[in-house]
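Welcome, and take your time with this one. Let us walk through the structure together, a few elements at a time.

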Amino acid sequence: MNIRVELANRKIIHLFLSLLFLASSSYAYAAEIRFLDEPGGLQHGIIELTYEVDGDFSHVILLVNDVEYQRLEERRGTFTLDVGRFLRRLRLRAEVRGSSGALLADREIVINDPRPPFRARLRGPGRLPESGMVELRVSVTKPPGLAVSRVEFFVDEEPIGADTSEPYTASFDAAHFSEARFARVAVQLANGREEGDVFYFGQTRGESLDVSLQQIPVSVLGSLQGHGLELEEISLKDDGVEKDVVAVTRAIEEPLSIVLLIDSSESMLEELPLIKQAAIEFSEKTLETGNAKIAVVAFHQRRFWLTGFTSNLDAIERAVDQLHPVGQTHLYDATIEMLYELQRRPGRRALVVLTDGVNQGGDFELDHVVHYARYSGVPIYPVVRNTLLSRLMRFGLRRFDANRYAEIARDSGARWFIVSRPDDLPSVYRAIAHELSQQYLVSFYADDAGTDRWHTLELRTSREGVDLRAPRGYFPD
């Protein structure tokens with residue numbers, strides 16, 4: 001017999017047997033769901049999420065961070081979700097359910113996360129039947145642009161199959177695994193990353209406490225007199241509970257990404273020459289460390305990336321020369337957008353904002369900035385160039401806004417400045433550059449990894465004559 005014909009016949013027989021097994025399967029998925037237009041970038045206010053279901057089903061439930069939000073019965077429907085303006089990451093999962101409430105299919109996406117997670121969720125029966133084919137299925141959440149190359153399935157660590165396209169499934173004979181305790185999946189991305197999940201048959205998963213390694217940037221106030229901070233010299237409290245510090249390293253060893261956000265609205269017209277000079281001096285000083293990259297971004301009603309993240313001082317100088325004042329100041333919108341972009345960057349990050357402190361229009365308010373500054377974990381250095389504000393503060397006026405800027409800086413472990421004279425700008429920028437070059441990273445293990453709960457943080461040192469400036473809290477990664 002011709003070899004190709006024989007191989008073709010084998011494939012047909014294999015397909016027929018597979019369909020036969022699935023037709024008599026004791027446990028198999030009967031539906032598929034997909035989102036037709038997945039939202040990306042920063043999402044706020046009202047958003048819509050349209051889905052489509054193939055197969056028999058009863059209803060579709062939308063869960064937001066594992067809490068039921070809405071249910072629909074349409075085969076093609078649209079969930080309407082009010083995200084609000086206090087931005088945070090949200091896990092949106094649509095579950096397709098049968099009339100008995102059984103899960104038939106699900107799909108999950110994450111919004112407002114600058115670093116979308118790579119996660120696998122394995123599904124199977126609550127208990128194994130005595131016989132018949134059982135289907136396992138995995139849903140994969142991954143960063144956009146990265147393809148899944150292979151999904152491997154195991155039952156009690158015995159390989160049962162692999163898949164390379166959605167829906168990712170594998171089937172096995174329950175009689176052959178009558179004593180099976182669990183199933184496992186390994187998902188591989190095209191770039192080599194791998195993620196897995198374990199599903200236990202007939203058991204409720206035991207409660208476990210997720211932990212994550214947190215790295216907190218810390219600024220040193222005072223002289224270290226010749227030798228750096230030591231592990232045993234630092235004490236740390238996380239939500240009032242003493243935690244062990246596992247590492248203290250010079251932050252200069254980590255890459256540093258800085259956004260130099262410059263108000264280019266008409267209100268800054270008189271200050272522009274000195275602003276340009278100060279920005280160039282700051283960049284020159286910062287780039288001396290050899291491990292930093294700076295992006296220059298101008299804003300008024302819109303944001304303009306004058307450079308990407310670069311260590312090329314000539315490119316930065318050319319970008320700063322392009323600054324031209326125009327329009328109103330959407331300060332709060334620009335700040336939130338830059339915090340989102342910085343979170344995409346590896347290593348350390350910092351946002352240096354030069355503004356007159358006045359916001360005119362836009363989608364966000366100061367309260368939203370205060371919240372998102374905490375959430376992002378990015379140190380923020382507000383440099384407020386406003387002669388009138390400086391004068392008013394002497395009489396106790398406008399102190400509320402000034403205190404909010406100070407709160408933003410302190411929460412993130414940074415400083416803020418009110419500059420009354422334009423020629424003070426260069427010294428302010430030099431102070432920020434020096435502080436960033438002298439930071440340390442303090443590492444410890446945090447509980448509740450990935451939860452949206454603010455943890456208060458206290459760091460102290462026993463070193464004489466030295467204080468530490470650190471964020472006043474954090475959201476676990």
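Two strands count as paired if DSSP finds at least two bridges between them. Keep that cut-off in mind as you look at this predicted model. Strands β16 (residues 234–238) and β17 (residues 241–243) are joined by three bridges and run antiparallel, so they qualify as a pair under the cut-off of at least two bridges. In general, strands of a sheet pair through backbone hydrogen bonds, in either a parallel or an antiparallel way.

Stay with this pair for a moment. Together, β16 and β17 make a hairpin, with two residues between them. Asp239 lies in that turn and has a positive phi of about 55 degrees.

Now let us move to another part of the chain. Here you will find an open sheet of six strands with mixed pairing, in the order β21-β20-β19-β22-β23-β24. Its edges are β21 (303–305) and β24 (417–419); each has a single partner strand, so one side of each has no neighbour in the sheet. From one strand to the next, the twist averages 20 degrees. Within this sheet, β22 (residues 348–355) and β23 (residues 380–385) run parallel and are joined by five bridges. Among the residues involved, Thr355 has Val384 of β23 as its bridge partner.

A helix packs on this sheet: α4 (residues 331–342) touches β19 (256–263), β20 (292–299), β21, β22 and β23. The direction of α4 makes about 165 degrees with that of β22. Thr335 sits in helix α4. Is Thr335 buried or exposed? Its relative accessibility is 6%, so Thr335 counts as buried. Beyond its neighbours within four places in sequence, Thr335 is in contact with Leu261, Leu351 and Val369.

For a contrast, turn to the surface. Leu213, Val246 and Tyr445 form a nonpolar patch there, with about 280 Å² of accessible area together. Leu213 belongs to strand β15 (residues 211–221), and its relative accessibility of 43% is why Leu213 counts as partly exposed.

Towards the end of the chain, look for Pro476 in the segment after β28 (473–474). Pro476 counts as buried because its relative accessibility is 0%. His455 is 21 residues away from Pro476 in sequence, and their C-alpha atoms are 7.8 Å apart in space.

Finally, step back to view the whole chain. It has eight helices and 28 strands, and 47% of its 477 residues are buried. Of the contacts between residues at least 6 apart in sequence, 71% join residues at least 24 apart. The accessible surface of the protein chain comes to about 23,300 Å², with 48% of that belonging to carbon and sulfur atoms.

Methods:
Residues numbered from 1 in each chain as written. Predicted model: local features only at pLDDT ≥ 70, side-chain atom pairs only at ≥ 80, totals over all residues. Heavy atoms only, no water. Patch = residues over 30% accessible without salt bridge, like charges linked within 9 Å, V, L, I, M, F, W, Y side chains within 5 Å. Areas by Shrake-Rupley, 256 points an atom, 1.4 Å probe, with all protein chains shown as cover. Salt bridge = Lys/Arg side-chain N within 4 Å of Asp/Glu carboxyl O. Helix = DSSP H or I, 4+ residues; strand = E, 2+ residues; numbered from the N terminus. Buried < 20%, exposed > 50% of the residue type's maximum accessible area, 1.4 Å probe, protein only. Axes fitted to C-alpha atoms, helices over the stretch in contact; angles between N-to-C directions. Contact = heavy atoms within 4.5 Å.
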